[in-house]
Amino acid sequence: MSLKHALLGLLSDRRASGYDLLKTFETSLANVWPATQSQIYTELTKLAGSGLIAVAAEGPRGRKEYEITDEGMAELRHWLTEVAPQPVNRSDVLLRVFFLGVLTPEQARAYLTDLMEMSQSGYEQLRRLADSIDWDEGNLSVYGRIALEYGLRFNAMRREWAEWAAGQLS
């Protein structure tokens with residue numbers, strides 16, 4: 001996934017300013033694809049320059065509202081249907097687990113306990129996010145809920161797995 005496609009996806013739903021997009025990232029995409037203000041504005045400039053989005057309106061203080069173009073929608077659809085997702089081949093968490101044997105059993109158990117707590121915290125954070133959103137029947141709500149459910153289930157599974165792993169230590 002790329003920031004380019006995340007922005008195109010958000011703009012496929014409605015027009016938005018850079019600030020609006022930043023706030024959407026902070027409230028809904030931060031757990032999937034975090035982005036900073038400077039990254040978003042830089043990418044918006046590139047997308048506009050390549051004709052994938054256009055400035056739909058300009059407001060006070062240079063505020064620009066962007067909309068996706070037909071070319072941008074074609075690019076988003078191409079990415080969704082013809083570009084295979086890149087498999088996640090690296091896990092800092094599991095790499096550390098692989099080498100926990102160099103620690104004392106107490107240190108290894110502490111690592112796994114920290115992982116349980118991190119996973120529970122992530123679950124609770126996503127649950128609060130889910131409860132704070134005014135869901136509707138729009139595409140971003142429907143598919144956003146599906147993506148959020150993945151995060152909830154992933155954190156629950158990782159917490160349960162870490163608890164099991166800690167129990168395997170002598």
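The model you're looking at is predicted, so local features need pLDDT of at least 70 and side-chain atom pairs count only at pLDDT 80 or more, while totals for chains, interfaces and linings use all residues. Residues are numbered from 1 along each chain as its sequence is written, and side-chain values use heavy atoms, leaving out hydrogens and water.

Over residues 7–77 the chain is 56% helix and 18% strand, and the end C-alpha atoms sit 13 Å apart. Helices (H or I, at least four residues) and strands (E, at least two) are DSSP runs, numbered from the N terminus.

Let's start with a pair of helices. Helix α1 (residues 3–13) packs with helix α3 (residues 37–49) at an angle of about 80°, their axes 10 Å apart. Those axes are lines fitted to C-alpha atoms, for helices over the stretch in contact, and angles run from 0 to 180 degrees between N-to-C directions. That makes α1 roughly perpendicular to α3 (65 to 115 degrees). On the α1 side, the contact (heavy atoms within 4.5 Å) is made by Leu3, Lys4, Leu7, Leu8 and Leu11, and on the α3 side by Gln39, Ile40, Glu43, Leu44 and Leu47.

Also in helix α1 is His5. Is His5 buried or exposed? With a relative accessible area of 9%, His5 is buried, since buried means under 20% and exposed over 50%, with partly exposed in between (1.4 Å probe, protein chains only). Leaving aside residues up to four places away in sequence, His5 touches Glu75, Leu76 and Trp79.

For a contrast, look at Arg61, in the loop between β2 (53–58) and β3 (64–68). Arg61 is exposed, with a relative accessible area of 82%. Its phi is near 55°, a positive value in a residue other than glycine. Most residues other than glycine have a negative phi.

Further along, UniProt (unreviewed entry) places "domain: Transcription regulator PadR C-terminal" at residues 90–169. This stretch is 81% helix and 0% strand, with its end C-alpha atoms 24 Å apart. Here you'll find helix α7 (residues 139–168), whose 30 residues should span 44 Å at 1.5 Å a residue (1.5 Å times one less than the number of residues); its end C-alpha atoms are 43 Å apart, which agrees. Buried residues in α7 include Ser141, Leu148, Gly151 and Arg158, and the buried residues of α7 pack against α6 (105–132).

Technical notes: Parallel < 35°, antiparallel > 145°, perpendicular 65-115°, else oblique. UniProt positions renumbered as here; feature names shortened; annotations may be inferred.
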